[in-house]
Amino acid sequence: MEEKEKGTIDAFAERIEELLPEYERSESVLCRRHYVMLLQILRRENSTAAERLERIQMKKLRVLRERLGSFIDKFDYRARERPTKEEISALPLTIEALKGIETGIAMKHCEERKRRRFPWR
């Protein structure tokens, strides 16, 4: 599994100029482990892209933090508003960003279970 992960991260690093704008526009957030792996490669090979990746990742994490904070505030029984879909999804996305998520074959087996736990996906 680690070899496959490393190959994927290496491929991402090789195509960083093409993929970084796509990543920036997406709702995805790299998990901490893959972010660190990619950043290490980019710092050695393309410091400008490494800086851009850091800026983008921090922006995505700030948005996630804001959504999570709003979700927590609205989850209170005294709140007048219900959490939005984006706010509700902030909790599992935060966990995935911090701990990572299964990839490849393992993910296929977990997909149905996740849909049941997180119906908003």
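Which side chain does E27 meet in a salt bridge? The points below take this up.

1. This is a predicted model, in which local features need pLDDT of at least 70, side-chain atom pairs count only at pLDDT 80 or more, and totals for chains, interfaces and linings use all residues. Residues are numbered from 1 along each chain as its sequence is written, and side-chain values use heavy atoms, with hydrogens and water left out.

2. E27 pairs with R67, at 3.4 Å from N to O; a salt bridge here is a side-chain nitrogen of Lys or Arg within 4 Å of a carboxyl oxygen of Asp or Glu. The pair joins distant parts of the chain, with E27 in the loop between α2 and α3 and R67 in helix α4, 40 residues apart. Helices are DSSP runs (H or I, at least four residues), numbered from the N terminus. E27 is exposed at 59% relative accessibility, while R67 is partly exposed at 23%. Buried means under 20% relative accessible area, exposed over 50%, and partly exposed in between (1.4 Å probe, protein chains only).

3. The count of salt bridges comes to ten. One of them is between R52 and E17, with the closest N and O atoms 3.1 Å apart. R52 is in helix α4 and E17 in helix α2, 35 residues apart in the chain. R78 and D76 also form a salt bridge, at 2.7 Å from N to O. K74, E81 and E87 are linked in a network of such bridges.

4. Helix α3 covers residues 32-45. Its buried residues are H34, Y35, M37, L38, L39, I41 and L42. What covers them includes α1, α2 and α4.

Conventions. Helix = DSSP H or I, 4+ residues; strand = E, 2+ residues; numbered from the N terminus. Expected span 1.5 Å × (residues − 1). Contact = heavy atoms within 4.5 Å.
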